[in-house]
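Morning, everyone. I have one model to walk through today. Please bring it up on your screens.

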Amino acid sequence: LLYGMTETGVLTTWRNQNFLDLNKINSTGYLAPGVEIKIMNDEGEEVPTESLGELWVKSIAMMSGYWNQPELTKQLFDNDGFFQTGDAGCFDKDGFLYIKGRVKDLIDFKGSKISVSDVEDILKSHPAVLEAAVISKPHPESSHQLSALVVKRSTCDVTSEEIVAFVGEHVEEAKKLNGGVYFIDKLPRTSSGKVNRRLLHEMLLSN
């Protein structure tokens with residue numbers, strides 16, 4: 001599990017022999033040589049260690065801009081040469097990077113950012129869950145509630161209440177599935193194979 005993109009020189013983090021010893025299984029590793037990453041909030045400020053935000057990357061191998069697209073280049077690069085990736089993540093106290101999906105999929109909750117990928121990972125660890133996606137829907141009392149759409153394994157039987165309780169044992173209040181669990185036959189996906197969250201929102205709101 002590594003992290004990189006074409007615009008930033010492909011490889012931006014790497015793992016050495018200490019990776020497994022430190023038991024940081026979900027991390028993409030340390031910064032590669034010649035790479036800088038800063039994690040920013042919506043106000044353009046760097047966030048503290050272990051706080052979630054958007055990754056801005058600068059490297060010795062990155063592109064200088066988009067060909068014949070000066071406005072897009074200006075939009076995605078800051079004055080210090082960092083590139084706005086659109087990816088969400090955080091560093092831990094040891095300098096390991098964790099990718100938490102796309103910024104557009106983060107949820108604002110009482111001034112903090114919540115990554116639904118954390119909840120989805122917990123859902124997928126349940127033996128009866130084959131696939132799962134978590135989305136947010138507005139709620140008048142708590143600003144949002146998380147709901148899960150789950151594909152069950154054909155050999156397992158589980159109730160929505162059991163899934164809600166399972167997740168609740170592993171997360172803080174803001175990440176509990178207070179919006180409920182809904183079982184579906186399969187997750188809708190885009191042509192590139194990614195979960196179609198827009199369609200999931202429509203399915204949930206029409207339920």
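**A covered helix and its partner**

Let's start with helix α2. α2 is mostly covered, with seven of its nine residues buried. Which residues of α2 are buried? They are Val116, Ser117, Asp118, Val119, Glu120, Ile122 and Leu123. Keep in mind that this is a predicted model.

Now the neighbour. Two packed helices are described by the angle between their axes and the distance between the axes. Here, α2 covers residues 116–124 and α3 covers residues 160–168. The angle is about 120°, and the axes are 10 Å apart. That makes α2 oblique to α3. The cut-off matters here, because roughly perpendicular runs from 65 to 115 degrees and roughly antiparallel begins over 145. As for handedness, the crossing of α2 past α3 is right-handed.

What meets what in this contact? On the α2 side we have Val119, Ile122 and Leu123. On the α3 side we have Ile163, Phe166 and Val167. Look back at the α2 list: Val119, Ile122 and Leu123 are among its buried residues.

**The whole chain**

Let me step back for the overall numbers. The protein has 207 residues, and 43% of them count as buried. It has four helices and 11 strands. Along the principal axes, the C-alpha trace spans about 50 × 45 × 35 Å.

Next, contacts by sequence separation.

Pro70 lies in helix α1, residues 70–76. Pro70 counts as exposed, because its relative accessibility is 60% and the cut-off for exposed is over 50%.

**Salt bridges**

How many salt bridges are there? The count comes to 12. I'll pick out a few.

Start at Asp105. Lys104 forms a salt bridge with Asp105, and the closest N and O atoms are 3.8 Å apart. Asp105 also meets Arg197 in a salt bridge, again 3.8 Å from N to O. On accessibility, Asp105 is partly exposed at 25%. Lys104 is exposed at 67%.

Stay in α4 for the next one. Glu202 and Arg198 form a salt bridge at 2.7 Å, N to O. Why can these two reach each other along the helix? An α-helix has 3.6 residues a turn, so residues three or four places apart point the same way. Glu202 and Arg198 are four residues apart in α4, which means about one helical turn separates them. Glu202 is partly exposed at 41% relative accessibility. Arg198 is exposed at 53%.

Then there is a network. Salt bridges link Lys100, Asp118, Glu172 and Lys175.

I have two cases to show.

Glu50 lies in the loop between β3 (35–40) and β4 (53–59). Is Glu50 buried or exposed? Glu50 is exposed, with a relative accessible area of 54%.

Asn68 sits in the loop between β4 and α1. Asn68 counts as exposed, at 62% relative accessibility.

**To recap**

Over to you for comments.

Terms used
Residues are numbered from 1 along each chain as its sequence is written. This is a predicted model: local features need pLDDT of at least 70, side-chain atom pairs count only at pLDDT 80 or more; totals for chains, interfaces and linings use all residues. Side-chain values use heavy atoms; hydrogens and water are left out. Axes are lines fitted to C-alpha atoms, for helices over the stretch in contact, and angles run from 0 to 180 degrees between N-to-C directions. Helices (H or I, at least four residues) and strands (E, at least two) are DSSP runs, numbered from the N terminus. Angles under 35 degrees count as roughly parallel, over 145 as roughly antiparallel, 65 to 115 as roughly perpendicular and the rest as oblique. A crossing is left-handed if the near helix is turned anticlockwise from the far one by less than a right angle, and right-handed if clockwise. Contact means heavy atoms within 4.5 Å. A salt bridge is a side-chain nitrogen of Lys or Arg within 4 Å of a carboxyl oxygen of Asp or Glu. Buried means under 20% relative accessible area, exposed over 50%, partly exposed in between (1.4 Å probe, protein chains only).
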